[in-house]
Amino acid sequence: PGIGGRRKFVIPTKDKAGGGSGGGQPGNFHPGKSVMQHMLNGKDDKKDGDIDIVLDERYKNLDPRMVELIENEIMERQLNVTWDDIAGLDFAKKTIQEIIIWPMLRPDIFTGLRAPPRGVLFFGPPGTGKTLLGKAISAQTNSTFMSISASTLTSKWVGEGEKMVRTMFAVAAIHQPTVIFIDEIDSLLCSRNENDMESSRRIKTEFLVQLDGANTFAGENAKILIIGATNRPDDLDEAVKRRLIKRLYIPLPNKAGRRQFIHRLIEHETQSNNPHHIDLSDKDVDFLVELTKGYSGADLKSLSAEAAMIPLRQIDDIQNVSIDNIRPLNIEDFQIALNNVKATVNKDDLQKFLDWNNKFGSFP
Ligand code: ADP
């Protein structure tokens, strides 16, 4: 079963994750293997550097070059992002638990009325943890994680974007359960200029087809979750908005979120090689939480990295300094860093997100 036509092609140079050729029946997917390895399953009598391959029915319509690219550049394996790595966002986490994690873990219970959405939207300012949430979902549900920016689809894959989308969903189905994270989903849908129009329109149509689960490689029941992310919800196309029924606002961290971020940072740095890395009292933390109002998670990260450079700048001979002689970070370092690293999200934008959330967002 599952033996398709014979084709010849030059074997790709990279041999991933051992395995090699042979072993396994075509048609049985082994999670540890790449689709490429499955494509190469079967006969491999080498002649002139070429390989004869027997393609599984499921793979034979896919372009091997594109599959390879997707597996190398879009797919990520072995993510270990946990909920604890994500500061704040309690509402989003709780909602995600109910509408995404539980259904993925117990598909038998979540049917009919409880059927999970195929796609969700994360919207909010940049650097607030939308991608992190996607990764955490993937890690918690033991899913494959695929991440692509929609602007890449339209720019880098000119003329091939549509095929790319189709292949991506096919690969996702083979590796299911899969979380497909599509960043800047707004840009998929509006073309930048006249020349792009036709190709963008086709990408969009293909995407909508895939989002509906019709005509897809694995059919409607494929365990594929699509997460669209955007900082520009106003630009979202109606057709897409309609399909991403659950729309979660991923806001800037509030006080509690910022506090969690800082505590986690201290904890993390203490576990790393230099045990005296950060020296902040509870009062310092309170102070820092106040000073960083309006900072996103990504801003907090940049701020901390900037602060971490300050003790080093005071050392004359970095090349020979003993690690024990590097002083821990203190609140003054953070205060100095605050002059250089400002919050990147402005108040007007925040109001726009709130308005959009009131109109289109999902609430408990
Ligand atoms: P987004 O997808 O919303 O633009 P990311 O999830 O890519 O943002 O976040 C970028 C980086 O900023 C993360 O890798 C992380 O270091 C930090 N970050 C952002 N939000 C959070 C958060 N809520 N908790 C912890 N770190 C965060």
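Student: Which residues are buried in α11?
Tutor: In this predicted model, the buried residues of α11 are Gly297, Asp299, Leu300, Leu303, Ser304 and Ala307. Viewed down the axis of α11, these buried residues fall within an arc of 155°, so they line one face of the helix.

Student: And what is exposed on the other side of α11?
Tutor: Ala305, Leu312 and Arg313 are exposed there.

Student: What do the buried residues of α11 pack against?
Tutor: They pack against two helices, α9, which covers 255-271, and α12, which covers 331-340.

Student: How far does α11 reach from its first C-alpha to its last?
Tutor: With 17 residues, α11 reaches 25 Å between those two atoms, which is close to the 24 Å expected at 1.5 Å a residue.

Student: OK, on to the ligand. Which residues are closest?
Tutor: The ligand is surrounded by 17 residues, and the closest of them are Gly129, Lys130, Thr131, Gly297 and Ala298. Helix α11 (297-313) supplies at least two residues of this shell, and so does α4 (130-140).

Student: How does that shell split by class?
Tutor: The shell around the ligand has nine nonpolar residues, six polar ones and two charged ones.

Student: Switching to the sheet: what is the strand order?
Tutor: Six strands form an open sheet in the order β4-β6-β7-β8-β5-β9, with mixed pairing. The edge strands, each pairing on one side only, are β4 (75-76) and β9 (246-249).

Student: How many bridges join β6 to β7?
Tutor: Strand β6, residues 144-149, is joined to β7, residues 178-183, by six bridges, and the two run parallel. Within this pairing, serine 149 has aspartate 183 of β7 as its bridge partner.

Student: And how many join β7 to β8?
Tutor: There are five bridges between β7 and β8, which also run parallel, and phenylalanine 181 has isoleucine 227 in β8 as its bridge partner. Strand β5, residues 119-123, pairs with β8 in the parallel sense over five bridges, where the partner of phenylalanine 123 is threonine 230.

Student: Why is β8 described as largely enclosed?
Tutor: Seven of the seven residues of β8, which spans 224-230, are buried, so the strand is largely enclosed by the rest of the structure.

Student: Which of them point which way from β8?
Tutor: Ile224, Ile226, Gly228 and Thr230 point one way, while Leu225, Ile227 and Ala229 point the other way, and all are buried. In a regular strand the side chains alternate between the two faces of the sheet.

Student: Where is glutamate 184?
Tutor: Glutamate 184 is in the loop between β7 and α7, the latter covering 194-212.

Student: Buried or exposed, that glutamate 184?
Tutor: Glutamate 184 is buried, because 20 other C-beta atoms lie within 10 Å, and 20 or more is the cut-off for calling a residue buried.

Student: What is glutamate 184 in contact with, leaving aside its neighbours within four places in sequence?
Tutor: Its contacts are then Ser149, Ala150, Ser151 and Thr230; of these, Thr230 also belongs to the buried residues of β8, and serine 149 is bridged to aspartate 183 in β7.

Student: One more helix: which residues of α2 are buried?
Tutor: In α2, residues 64-74, the buried residues are Pro64, Val67, Ile70, Glu71 and Ile74. They fall within an arc of 145° when seen down the helix axis, so they line one face of α2.

Student: And for the whole chain, what percentage counts as buried?
Tutor: Of the 364 residues, 37% count as buried, in a chain that has 13 helices and nine strands.

How values were computed
Residues numbered from 1 in each chain as written. Predicted model: local features only at pLDDT ≥ 70, side-chain atom pairs only at ≥ 80, totals over all residues. Near = placed C-beta within 6 Å. Helix = DSSP H or I, 4+ residues; strand = E, 2+ residues; numbered from the N terminus. Nonpolar A, V, L, I, M, F, W, Y, C, P; charged D, E, K, R; others polar. Expected span 1.5 Å × (residues − 1). Buried ≥ 20, exposed ≤ 12 C-beta atoms within 10 Å, placed from the backbone. Arc of directions from axis to C-beta. Contact = placed C-beta atoms within 7 Å. Pairing = 2+ DSSP bridges.
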